[in-house]
Structures are given as C-alpha cells and as structure tokens.
Amino acid sequence: MKARVTVTLKSGILDPQGKAIEGALKSLGVDGVASVRQGKVFDIELAATDKAKAEAALKAAADKLLANTVIENYRVEVLS
Amino acid sequence: MKSAVLVFPGINRERDMARALKLASGNETSMVWHAETALPKGTDLVVVPGGFSYGDYLRCGAIAARAPVMDAVRDFAASGGLVLGVCNGFQILCESGLLPGVLMRNAGLKFVCRDVHMRVERSDTPFTRGYNAGQVIRVPVAHGEGNYEADEETLKRLEGDGRVLYRYCSADGVVDEASNFNGAAHSIAGIVNERGNVLGMMPHPENHVEEIMGCTDGRGLFAGLVQQFEKAA
C-alpha cells in the first residue's frame, strides 16, 4: 500500500527558505507568484492492506517523528 | 562533578565539551553512546553536545531526540538531574520535549560562525552562578538553525518565570536588533525548563575556556556547575 505524508509549516510561522524561493521565482520572471511556503513530502510503502490501520500507522509516524507539531501541520493520504 | 557527554552519529563537539568539563572539574567525563539505555551510575550532569547529529536530516536534532539514551535522559531530568544542551544539543532537547519551542532557520538564512556577546540574565541558577547578573560574555556560535521560536504564551511564561538565562546583546550589554544575529524571539540564546534543571543554549561556552582559545569567558558556566556540586557535597 502506497501512502504520502505531507508536512507543511503552520500559518504564521516565518519561512525564510520559502521567502528566498519566492524571491528567486520573481527574479526568474515567473509571473503571478504571491507567496511560497516550503514543506516536505514523504512517500511511504506500507505492509498493511487495511486502510484504517494504514492511516493510524501514518498518523503515529507523523506525530512521533515526521512533523514537529509545534510549528508544522501534516496531512496523511493513502494512495493505493 | 561527574558528567556524561552523549555521543550521537554526526556530533562533532563532544571532545571539546569533555575537555572543558575536565578542566573545570578535574574529573574524566563519561562518553555515552546514543544506543545506551542507561546513564553511568552517579552522573551529576548530562551534556548533549553540538554538531550535526544524523546530518541534520529531517529536522535538526529530530532523530537524535528519539534515540534510546534519551529515555534515560528524560528520567534523569525528571528526577532533578542537571542537563545541558549546546547548539545541536539545544535542538535535540527541544525536539525531545525537554524544552519548549523550536530552533528555526536563521532569519538571514546564513550559517553564522563567529564570536557573539550574550548577557547573563540572572546568577542564581546552577547554570549561571559562575557569573554576575547582567555580565556580558563573549562566546562563539556556529549554526544555521538557531533562531529560537515559541508561541506567544510560551514566550510570556519563559519571561515571566525568569527562564531566559542568556540573551544575545552588543559588546556593552544592550539587547537590540543588530546583535540578534539569528532573529531569535526576544534575542533568546539560552533557556531553562520549568524546573530549572535543563538548559539549552546555542553558543559554545566550551570553546572559550583556555587562554590559547583567545578568550575564557565560557569558563564561568562550567565553574558554576562544579561549585553547585561542591556545595551539595
């Protein structure tokens, strides 16, 4: 079973890397970029075949390690 | 004073720390591998040194914070033992939940490696008793993620309880924007936990302890810790 955990900074948290990327996109002439926030994507393969169990395992992974919930939010998706 | 320095893969300041501890206390320091599940018997002080544990993968200190030895450190701290985390050690203590908040990317995005000044905010703690309140000391920093952030309520509590022990300042002790080189909230360089027995700080006092280093301002921190245990004994 394939899954994806997406970790993003909470709104209001300063993201200097996102700001730098935003500046670079503007200097490249990419039009219409209002703002950029950088995050992380984890593609995870699971042995489980039960969707509910898989989601519980992914949530545990995100809470325990993948995200720092002081500053980050995460989203869990079971893809197939 | 019997101290134990934790060793994680990718840490690189552990020997500097052990040397500074020996200089101050006269005792050899135990080096404790991250996979250990217990601290040496009779440990007075646990130090989480600086470096780049696990190559800073995922988030600085995130993986080290989940190492087996950290459960022993949590128990040690819960029983009142003194814990000092420097640089990556501060990041590890925040990630492990022993200290509140988080160390974000420096506001200027650059890795900063130079001497800075910090003001000792109070002298009545085990981690600052070697200094006078208001004293300005010069210490080296070397980090890319030292921008301390926490939510408003946490910051208010840290300030209200006098838990900010060290703050970045100018050479004459003024806390201002120009001296806050990494953008830390309230110019925070070092904080303690609620109980006051766990300190995390970004600068490296262990690198300013001998004449040959060009400055000995870091000695006070270690001398104060040693005094603390002499007094207790």
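A residue is called buried here if 20 or more other C-beta atoms lie within 10 Å of its own, and exposed if 12 or fewer do. By that criterion, 53% of the 233 residues of chain B count as buried, and in chain A 10% of the 80 residues do. The model is a predicted one, and every value in this report is computed from it.

**The two chains**

The secondary structure of chain B comes to 5 helices and 11 strands. The radius of gyration of chain B is 16 Å, close to the 17 Å that the globule rule gives for 233 residues, so chain B is as compact as a globular protein of that length. Chain A has 2 helices and 3 strands, and from the N terminus on its elements follow the order β-α-β-α-β. For chain A the radius of gyration is 16 Å, well over the 12 Å that the globule rule gives for 80 residues, so this chain is more spread out than a compact globule.

In chain B, 9 strands form an open sheet of mixed pairing, in the order β2-β1-β3-β4-β11-β10-β9-β6-β7. The edge strands are β2 and β7 (136–143) of chain B, each of which pairs on one side only, and the twist averages 25° from one strand to the next. Within this sheet, strand β10 (residues 188–192) of chain B and β11(B) pair in the antiparallel sense over 3 bridges, and the bridge partner of G190(B) in β11(B) is M201(B). Helix α1 (residues 14–25) of chain B packs on the sheet, where α1 touches β1, β2 and β3 of chain B and its direction makes about 175° with that of β1(B). Helix α2(B) also packs on the sheet, touching β1, β2, β3, β4 and β11 of chain B, with a direction that makes about 130° with that of β4(B).

**Helix α2 of chain B**

Which residues of helix α2 (residues 69–78) of chain B are buried? They are V69(B), M70(B), V73(B), F76(B) and A77(B). Seen down the axis of α2(B), these buried residues fall within an arc of 110°, so they line one face of the helix. Just after α2(B), G80(B) takes a positive phi of about 95°.

V5(A) lies in strand β1 (residues 2–9) of chain A, and with 19 C-beta neighbours inside 10 Å it counts as partly exposed. Leaving aside neighbours within four places in sequence, V5(A) is in contact with residues including F42(A), I44(A), L58(A) and V76(A). Between V5(A) and K53(A) there are 48 residues of sequence separation and 15 Å in space, C-alpha to C-alpha.

The contact between the chains takes 10 residues from chain B and 8 residues from chain A. By class, the side of chain B that touches chain A has 5 nonpolar, 1 polar and 4 charged residues.

Terms used: Residues numbered from 1 in each chain as written. Chains lettered and ligands numbered in written order. Predicted model: local features only at pLDDT ≥ 70, side-chain atom pairs only at ≥ 80, totals over all residues. Helix = DSSP H or I, 4+ residues; strand = E, 2+ residues; numbered from the N terminus. Rg over C-alpha atoms; globule rule 2.2 N^0.38 Å. Arc of directions from axis to C-beta. Pairing = 2+ DSSP bridges. Axes fitted to C-alpha atoms, helices over the stretch in contact; angles between N-to-C directions. Contact = placed C-beta atoms within 7 Å. Nonpolar A, V, L, I, M, F, W, Y, C, P; charged D, E, K, R; others polar.
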